[in-house]
Amino acid sequence: MRDAAIVTGVAVAVAGAEIAAVGPQHELERSYHDATRVDCGGRVLAPGFVDSHTHAIFGRPRFEEQELRASGLDYMEIARRGGGIHASVRDLRARSEDELSVMARGRLQRLAAYGVTTVEVKSGYGLTPEDELKSLRVIRRLAAVLPMRLVPTWLGAHEIPHEYRELPEGRSEYVHLLVSTMLPGVASEGLALFADVFCEPGVFTIDETRTILTAARSAGLGLKLHADELRPSGGAELAAEIGATSADHLAAISESGIRVLAESNTVATLLPGTMLFLGKDKQAPARALIDAGGAVALATDFNPGTSPTTNFPLIMTLGVSQLRLSVAEAFIAGTVNGAAALSLADRVGQIAPGFSADLALFDAADAREVPYWYGDQRCVGSWAKGRVCHPHTVELH
Ligand SMILES: [Zn+2]
């Protein structure tokens with residue numbers, strides 16, 4: 001992860017949706033003399049960021065919970081007062097696909113304005129077959145109109161909905177609904193590439209998670225887990241055992257979890273913005289994971305309750321200041337490894353011939369400035385598959 005090549009004096013040639021060549025400017029200008037020229041002005045051009053963990057399909061933001069948390073109320077008490085994830089579920093169920101599309105579109109464009117060109121987007125605030133399908137159809141609709149690449153994930157197992165929690169056999173009935181009704185519906189419409197489960201004590205157990213993800217794998221989906229966020233419960237170990245593409249959160253991962261994950265092909269996706277926003281002093285053991293040989297990705301966890309940020313470079317700042325990554329490691333975590341967390345590493349996340357023309361230009365002379373100007377908006381342009389995602393100050397024509 002330390003091997004991020006930073007080069008100067010080079011140009012990038014783009015042909016269609018792909019990068020055709022990277023090399024000395026004078027050589028490329030000769031080989032591609034009739035190409036449209038975009039002058040980057042000697043600034044930092046990075047691979048477009050890959051935000052591999054977001055919950056961007058939601059309705060009303062839950063800003064009122066921030067003060068409640070600051071005053072000392074815990075998650076259970078906020079939920080008892082009608083807040084928490086169940087508030088987002090009630091809200092999303094009452095909204096139409098059109099309404100949700102407009103709201104999500106603006107939020108995804110904010111991500112693009114920070115240099116993100118690939119975004120994983122989860123469902124998970126519907127928790128009924130029709131509302132989960134509605135959320136995934138919003139993602140499909142936006143994928144067709146936005147230039148950025150959207151990767152849809154079905155997260156019907158985000159929480160046990162209220163109406164099932166109140167039933168004596170509600171847990172097992174909801175798991176049955178997920179596996180026998182929701183999943184076949186999602187798979188038959190081809191609405192998701194991944195399935196995800198919130199595997200955490202009090203939400204879905206290890207056994208329930210295994211059941212849901214095993215069924216998802218049989219339905220042809222890639223696998224992800226929300227694992228070991230608050231308490232170590234064997235989530236990372238399960239991710240490695242079932243061959244998940246990523247295990248996400250991991251602030252409470254055990255020693256054995258670190259070892260097992262580092263030896264596996266599962267990417268450890270860390271979400272430092274969430275812990276910061278919740279006021280926790282604990283962060284995932286990024287150094288231990290990397291030093292053990294694990295692949296670490298960084299993501300925003302953009303969601304209305306615990307991480308309402310679209311500022312990807314700020315997450316890189318936290319990667320350096322809270323997780324003790326080097327700047328090179330933070331860039332790799334936000335590009336190459338983010339792509340690996342979405343099974344896209346063979347064509348996304350690098351500025352190299354044959355890779356997707358996903359680029360982000362920053363008002364900075366040195367790559368180290370990107371995480372340095374923390375909270376700042378330094379991205380002046382981003383492109384996905386060669387198309388403009390965020391025209392800030394750069395005129396292409
Ligand atoms: Zn999440």
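Please begin by selecting histidine 86, which lies in helix α4. The model on display is a predicted one.

Is histidine 86 buried or exposed? Its relative accessibility is 10%, and because buried means under 20%, histidine 86 counts as buried. Display its surroundings next: leaving aside residues up to four places away in sequence, histidine 86 touches Glu159, Ile160, Pro161, His162 and Arg165.

Now extend the selection to the whole of helix α4, residues 85-93. Seven of these nine residues are buried, so the helix is largely enclosed by the rest of the structure. The buried residues are Ile85, His86, Ala87, Ser88, Val89, Asp91 and Leu92. To view what covers them, colour the helices α3 (75-80), α5 (97-113), α6 (129-145) and α7 (162-165), which are included in that cover.

The next stop is the metal site. Select the zinc ion together with His53, His55, His226 and Asp301. The angles subtended by the four donor atoms run from 79 to 165°, which makes the arrangement irregular. Along the sequence, the donor residues follow the spacing H-x1-H-x170-H-x74-D.

Finally, keep histidine 55 and aspartate 301 selected. Histidine 55 lies in the loop between β4 (49-51) and α2 (64-70), and aspartate 301 in the loop between β11 (296-298) and α14 (312-321), so the pair ties together parts that are 246 residues apart in sequence. Both histidine 55 and aspartate 301 are buried.

Methods
Residues are numbered from 1 along each chain as its sequence is written. This is a predicted model: local features need pLDDT of at least 70, side-chain atom pairs count only at pLDDT 80 or more; totals for chains, interfaces and linings use all residues. Side-chain values use heavy atoms; hydrogens and water are left out. Buried means under 20% relative accessible area, exposed over 50%, partly exposed in between (1.4 Å probe, protein chains only). Helices (H or I, at least four residues) and strands (E, at least two) are DSSP runs, numbered from the N terminus. Contact means heavy atoms within 4.5 Å. Donors are N, O and S atoms within 2.8 Å of the metal (3.2 Å for Na, K and Ca); water is not among the atoms, so sites may look incomplete. Four donors count as tetrahedral if all angles lie between 85 and 135 degrees; four count as square planar and six as octahedral if opposite donors are over 155 degrees apart and all others between 65 and 115; anything else is irregular.
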